[in-house]
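Keep the picture open beside the text as you read.

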Amino acid sequence: MEVVEIHNYPELMDQCCDLINMEWPRNKTARYEQQFRFAVKETDENANKLRTLEMSRDELPTCLVLVLSHEVLGHSKISPIPSIPSGCFIESVVIHPDYRGKGLGKFIMARTEDYVRSRGIQTAYLSTIDKQEFYRKLGYTECEPVQIYGGPVARKLNAELESLNKINKTNDSKEVHLPLASSVSTVTMSPPPPPLPPSPANTAAVVSRSTKVYMKKDL
């Protein structure tokens with residue numbers, strides 16, 4: 001059993017894609033493009049994936065797979081954090097359903113941390129919805145949210161709020177000309193219908209987003 005960089009074993013890509021889709025279902029072509037940055041070429045016979053790895057490489061970002069006898073049992077993805085050069089973000093950690101409960105999650109996390117530590121990374125970050133206890137046992141503690149595609153999430157939200165405030169101030173400064181009462185026809189309006197209750201799916205999505213927890217560990 002070993003943990004290897006998937007860009008050195010492209011023949012394992014299909015298995016890895018299937019494994020990730022077991023946990024987070026998605027169109028396979030979209031999964032390739034998002035997870036591995038593949039260029040996908042369609043032919044008349046079938047979807048022929050022209051596997052050109054552009055994302056996973058020796059330097060971050062990197063996708064690691066846990067392999068036993070050419071079978072993919074687990075996966076983790078490591079991404080850089082532009083605002084924290086000494087840190088990295090570990091995501092898409094998953095173990096094949098048939099092999100869970102055997103300590104493989106702990107094993108792949110340890111090898112993932114070894115990998116980033118060997119590249120000078122000092123702090124590992126991640127996010128989870130319901131696996132806080134698992135990561136606490138590995139030494140992770142809760143922290144402020146981080147954004148792997150830029151600065152901290154809080155900074156982004158503040159910028160959006162400032163932009164909205166500017167728009168509101170601009171709107172407040174504009175003169176509003178209302179029509180004279182004599183020029184408005186009297187129209188009998190029916191009261192608006194009551195708002196629809198939120199759908200269970202949307203409610204669950206909001207709850208899921210609001211319960212995401214960010215954690216970190218000094219390596």
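The largest nonpolar core of this predicted model has 16 residues. A nonpolar core is a set of buried Ala, Val, Leu, Ile, Met, Phe, Trp, Tyr and Cys residues joined through side-chain atoms within 4.5 Å. Buried means under 20% relative accessible area, exposed means over 50%, and partly exposed lies in between (1.4 Å probe, protein chains only). I78, C88, M109, Y135 and Y140 have the most contacts inside this core, a contact being heavy atoms within 4.5 Å.

Which elements each supply at least two residues of this core? They are β6 (87–95), α3 (104–117), β7 (123–128) and β9 (213–218). Of these, α3 gives the most, with three residues. Helices (H or I, at least four residues) and strands (E, at least two) are DSSP runs, numbered from the N terminus.

Take a look at Y135: leaving aside residues up to four places away in sequence, Y135 touches V93, M109, L126, T128, Y140 and M215.

Next, find H7 in the loop between β1 (2–5) and α1 (13–23). Its relative accessible area is 15%, so H7 counts as buried. The side chain of H7 makes polar contacts with the side chains of S56 and D58. A polar contact is a pair of N or O atoms within 3.5 Å; within protein, one must be able to donate a hydrogen and the other to accept it, and residues adjacent in sequence count only if both atoms are side-chain atoms.

| Side chains in polar contact | Distance |
|---|---|
| H7 and S56 | 2.8 Å |
| H7 and D58 | 3.0 Å |

What about the cysteines? The whole structure has zero disulfides, a disulfide being a pair of cysteine sulfur atoms within 2.5 Å. C63 is buried at 1% relative accessibility, and C88 is buried at 0%.

Finally, how far can you trust the picture? The mean pLDDT of the chain is 77, with 59% of residues at 70 or more; pLDDT is the predictor's confidence in each residue, from 0 to 100. Over residues 38–54 the pLDDT is below 50, and this stretch has 29 contacts beyond near neighbours in sequence. Residues 204–208 are also below 50, with one such contact. Where pLDDT is low, the predicted coordinates should not be read in detail.

Residues are numbered from 1 along each chain as its sequence is written, and side-chain values use heavy atoms, leaving out hydrogens and water. In this predicted model, local features need pLDDT of at least 70 and side-chain atom pairs count only at pLDDT 80 or more, while totals for chains, interfaces and linings use all residues.
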